[in-house]
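Trainee: Could you walk me through reading a fold from its strand pairings and its buried residues? I would like to go feature by feature.

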Amino acid sequence: MCEDGGGSKPAFFLDRDDTLVPDAGYMSRPEQLSLLGGVREALLAAKAAGWRLYLLTNQSGIGRGYYTMADAVVCNGRLEELLGLRFDGICIAPEKPGEPSRYRKPSPAFVLERIAADGLDPERCVVVGDKTSDIECGLAAGVAAALVARGSTRALRPDAAAFAASHGVEAFPSAAAAVAAFVGKRDDLRGAVRPD
Ligand SMILES: [Mg+2]
């Protein structure tokens with residue numbers, strides 16, 4: 001497994017807003033954050049099972065001037081406090097849509113960099129999020145992806161649900177359900193979720 005330079009560690013790359021926490025819209029203060037159901041338990045179980053956990057979040061509110069990078073860092077610190085864990089890495093993409101950006105999803109740059117630097121197994125990496133850009137990020141990185149809603153598959157974003165279905169990406173009612181499902185899988189995740 002390591003002969004080609006690939007590592008062996010599994011990892012989740014988690015979107016923040018409307019994946020781990022309800023999105024109140026351009027959140028800039030830590031008291032605005034609360035966890036979606038089951039997320040804390042699912043991530044703690046994943047970490048205990050040896051999964052690396054990364055946060056990958058587009059925060060265009062910074063680029064729009066609504067709040068600062070420092071505000072976003074404080075909010076992410078509050079998120080870690082609520083979860084009771086530390087992420088293995090956090091990437092905040094501050095640019096507005098359309099601006100040049102290395103990391104703004106759907107860019108796969110952060111995922112690819114962490115795979116190379118942290119000894120991750122790309123066959124066991126999963127990008128989890130609620131938007132088409134989250135799924136595109138996973139596909140562009142050549143890893144698995146999971147589309148999530150806030151508690152019910154009926155709440156999936158229609159555009160993202162159509163995109164995911166057309167690319168063989170599985171949809172889940174919540175991030176908690178997606179994480180639990182992937183932690184439970186034993187085989188090549190890409191084979192498991194992209195049968196074509
Ligand atoms: Mg989101």
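Trainee: Which residue of strand 4 does A11 stand opposite?

Mentor: A11 faces C125 in strand 4. Keep in mind as we go that this is a predicted model. Five bridges join strand 1 (residues 9-14) to strand 4 (residues 120-129), and the two run parallel. Another pair to look for is L14, whose bridge partner in strand 4 is V128.

Trainee: Which residue in strand 2 stands opposite F12?

Mentor: That is L53. Strand 1 and strand 2 (residues 52-58) pair in the parallel sense, over four bridges. Together with helix 1 (residues 39-48), strand 1 and strand 2 make a right-handed β-α-β unit.

Trainee: What happens on the side of strand 5?

Mentor: Strand 4 pairs with strand 5 over four bridges, again in the parallel sense. There V128 stands opposite A146. Strand 4, helix 5 and strand 5 also make a right-handed β-α-β unit. Next, three bridges join strand 5 (residues 144-148) to strand 6 in parallel, with L147 and A171 as bridge partners.

Trainee: In what order do the six strands form the sheet?

Mentor: The order is 3-2-1-4-5-6, in an open sheet with parallel pairing. Strand 3 and strand 6 (170-172) are at the edges with a single partner strand each, so one side of each has no neighbour in the sheet. From one strand to the next, the twist averages 20°.

Trainee: How should I read burial along these strands?

Mentor: The general idea first: in soluble globular proteins, nonpolar side chains tend to be buried together. Here, strand 1 is mostly covered, with five of its six residues buried. Strand 4 is mostly covered too, with seven of its ten residues buried. The largest nonpolar core has 53 residues, and F12, F13, L14, V126, V128, A146 and V179 are those with the most contacts inside it. Take F13: leaving aside neighbours within four places in sequence, F13 is in contact with residues including Y54, L56, V111 and C125.

Trainee: And how do I read a helix that packs on a sheet?

Mentor: An α-helix has 3.6 residues a turn, so residues three or four places apart point the same way. In helix 4 (residues 109-118), the buried residues are F110, V111, R114 and I115. They cover an arc of only 135° around the axis, which puts them on the same side of helix 4.

Trainee: What covers the buried residues of helix 4?

Mentor: The cover includes strand 1, strand 2, strand 3 (89-93), strand 4 and helix 5 (132-141). Helix 4 lies across strand 1, strand 2, strand 3 and strand 4, and runs at about 150° to strand 4. Just after helix 4, look at G119, which takes a positive phi of about 70°.

Definitions and conventions:
Residues numbered from 1 in each chain as written. Predicted model: local features only at pLDDT ≥ 70, side-chain atom pairs only at ≥ 80, totals over all residues. Buried ≥ 20, exposed ≤ 12 C-beta atoms within 10 Å, placed from the backbone. Pairing = 2+ DSSP bridges. Right-handed = clockwise from strand over helix to strand, strands pointing away. Core = buried A, V, L, I, M, F, W, Y, C linked by C-beta atoms within 7 Å. Contact = placed C-beta atoms within 7 Å. Arc of directions from axis to C-beta. Axes fitted to C-alpha atoms, helices over the stretch in contact; angles between N-to-C directions.
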